[in-house]
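Reader: I would like to learn how to read charged pairs and a sheet in a model. Could we go through some cases one by one?

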Amino acid sequence: MENKKFYITTPIYYPSDKLHIGHTYCTVATDTLARYHRLRGEDVMFLTGTDEHGQKIEDKAREAGVTPKEFVDRIVEGPGGVLDLWKLMNISNDRFIRTTDDYHVASVQRIFRRMYDSGDIYKGTYKGKYCKPCESFWTESQLVDGKCPDCGREVQDAEEEAYFFRLSKYAGRIRDLLENTDFLEPRSRVNEMVKNFIDPGLEDLCVSRTSFSWGVPVDFDPGHVVYVWVDALTNYITALGYENDRYGDYGKGWWPGVNIVGKEIVRFHSIIWPAILMSLGEPLPKKCFGHGWLLLDGGKMSKSKGNVVDPYILAEKFGVDALRFFLMRTFPFGSDGNFSNELLIQTINTDLANDLGNLVSRTTAMTGKYFGGSLPAGCADWDGPESCDTELREAAMALRSAYEKDMESFAPHTALADVFKVIQRANKYIDENTPWKLSKDMEANGRRLARVLYTLLETTRICGVLLTPFMPGSMEKLFAQIGATAGCRTWDSAAQWGALPETAAVNKGENLFPRVEMDKALEELEAAAEAAKQAAFRPDIEIEPQLAEKVDFDTFCKSDFRVVKVKSCDAVKKSAKLLRFTLDDGTGVDRQILSGIHQWYEPEDLVGKTLVAIVNLPPRKMMGLESNGMLISAVHTEKGEEALHLLMVDDAIPAGAKLC
């Protein structure tokens, strides 16, 4: 076949400090589809990444006492972060984009300006409802019981100067795209979008913010930052080189591509994203597929609800491929699915241990026992086909066609069901032919026994090829056990009977999928989850013991703690530690404070921050400069190294406000 280009993406994830199995679901599904297209011989580009701007990131960083960039760096690149999880789950992405990447920031600014210059972005004032966790704007009529219709959390009133995108201008074209093409799937998502957003009248979209600063700056209007969803959505083309020179792949056959997203963000991907592309005059995505949620106890998994399932614990206990398989086998891809550890264990035992594991183990063991690990040449044609031979062979040869139809329809769960029908038929074939009985008289039945075992090995090979996108590591082991070399692991070979050499070296090897003891495993999972919870509550951090000496209340009240705003900050010459702050303390006269924190902070990261200082300390000379007060910070020891975090407070608190 022609070497076709295929571009597939997951949404770029908000870098949560607690990743759960729900985060894993979408990326494993996208990885499986990417691997399927590679198996077909296509040239695949698989993109994922992290969405790192927005008010909630800024707030969380302030709560943690670090800069927003430090906060996202730790979660994306640190131990147990996004990159670690994707490595654990054997995710084969070709590119990883962070919205803080310089090239992406520059591209977003150019895109915003292009839309402004064309008249599609204009300046106004936003007044309405805003959901900070979802970074979503809502009208009063769109709320459900006064709360965000996506996450069910409280919304807040918002009013600020802002730029708007003429989304309403594209309402007719968006309706046509949704109703008259197969752009958005499953079809139920189309009905939701049209009924909830198009029919009531598509309103212009607020696309800049002025109430916080952590975002892509609007380069022609200081004080405005680009709305996080415009920033996030455009990653799909900036990662190919659109409006930047980091990559040169845009316009070379990759775009348009396929966007795989969770149903909670279908609105952004099926309405706002196409409208942005229409405004830019660029091709629309080939497909937006909105999968369902993994539910726990009837509700969506969420850290804030305390119902998180840790993929690290599950992968360590059951293996990465077993977990990947479970996610793709158990839940119809377009629908919600109820997750439970019991269901995971049942799926492993039934499909992987009993069906696939048993087939591989029994077939390789009998080949070793009866033929020394290598069948005789010509065995595939001996003794003419019995009815059961024909039935299994025809099922195996028809499998790739059904599987291909399923995968092209974004139904990996159905593709797996088709594969396992053949695996179950192969296990039945063993019982029909009773190889252990045939082996009792090798002179009379040896040829027949060899044919039976070859039929089983070849069926296993075909199933293994088609299972490779789902369980790549385990299928490598399976191929090694049945002696399948590279030439008989290809997409073409999955539609051919007899690709496995008859004399292939067969080796039983380890049990690919051991059976799991339900009660014991559940107890161990509960213990592991509790240990992880305790470790999170008491991390590897040493806290200074509290002082035994008491300070009387009157003495404490003499300390004047004030909120201060950082106007400027620079490193003190000839000092490796000192930073010099120029602060607004509410008096109208700048205050200078020196602080030995350069080890933990770069001066440019602190400009504009809202800190706390004690302002009635006597002046102190440091490196020939006068310091009038002290900034308040928290210090602890983490993994043997001292760590310091400046106390940062809400920017809405005015300079000079007294802490009491």
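**Salt bridges and a sheet**

Author: Glu-432 and Arg-425 form a salt bridge, with their closest N and O atoms 3.2 Å apart. The model is predicted, so local features need pLDDT of at least 70 and side-chain atom pairs count only at pLDDT 80 or more, while totals for chains, interfaces and linings use all residues. Residues are numbered from 1 along each chain as its sequence is written, and side-chain values use heavy atoms, with hydrogens and water left out.

Reader: What is a salt bridge?

Author: Side chains of opposite charge can pair when their charged atoms come close. The term is used for a side-chain nitrogen of Lys or Arg within 4 Å of a carboxyl oxygen of Asp or Glu. The structure holds 44 salt bridges.

Reader: Is Arg-425 buried or exposed?

Author: Buried means under 20% relative accessible area, exposed over 50%, and partly exposed in between (1.4 Å probe, protein chains only). Arg-425 counts as buried because its relative accessibility is 10%. Glu-432, at 38%, counts as partly exposed.

Reader: Which residues form a salt bridge with Lys-287?

Author: One is Asp-182, with the closest N and O atoms 3.7 Å apart. Lys-287 lies in strand E12 (residues 287-291) and Asp-182 in the loop between helix H6 (171-180) and strand E7 (184-185), so this pair ties together parts that are 105 residues apart in sequence. Helices (H or I, at least four residues) and strands (E, at least two) are DSSP runs, numbered from the N terminus. Another is Glu-185, with the closest N and O atoms 2.4 Å from each other. That pair also links distant parts of the chain, Lys-287 in strand E12 and Glu-185 in strand E7, 102 residues apart. Lys-287 is buried at 8% relative accessibility, and Glu-185 is partly exposed at 22%.

Reader: In what order do the five strands of the open sheet stand?

Author: Two strands pair if DSSP finds at least two bridges between them. Here the order is E19-E18-E17-E20-E23, and the pairing is antiparallel. Strands E19 (591-595) and E23 (630-631) stand at the edges with a single partner strand each, so one side of each has no neighbour in the sheet.

Reader: How many bridges join E18 and E19?

Author: E18 and E19 pair over five bridges, and Leu-583 has Arg-591 in E19 as its bridge partner. The two strands form a hairpin with six residues between them. Gly-586, in the turn, has a positive phi of about 85°.
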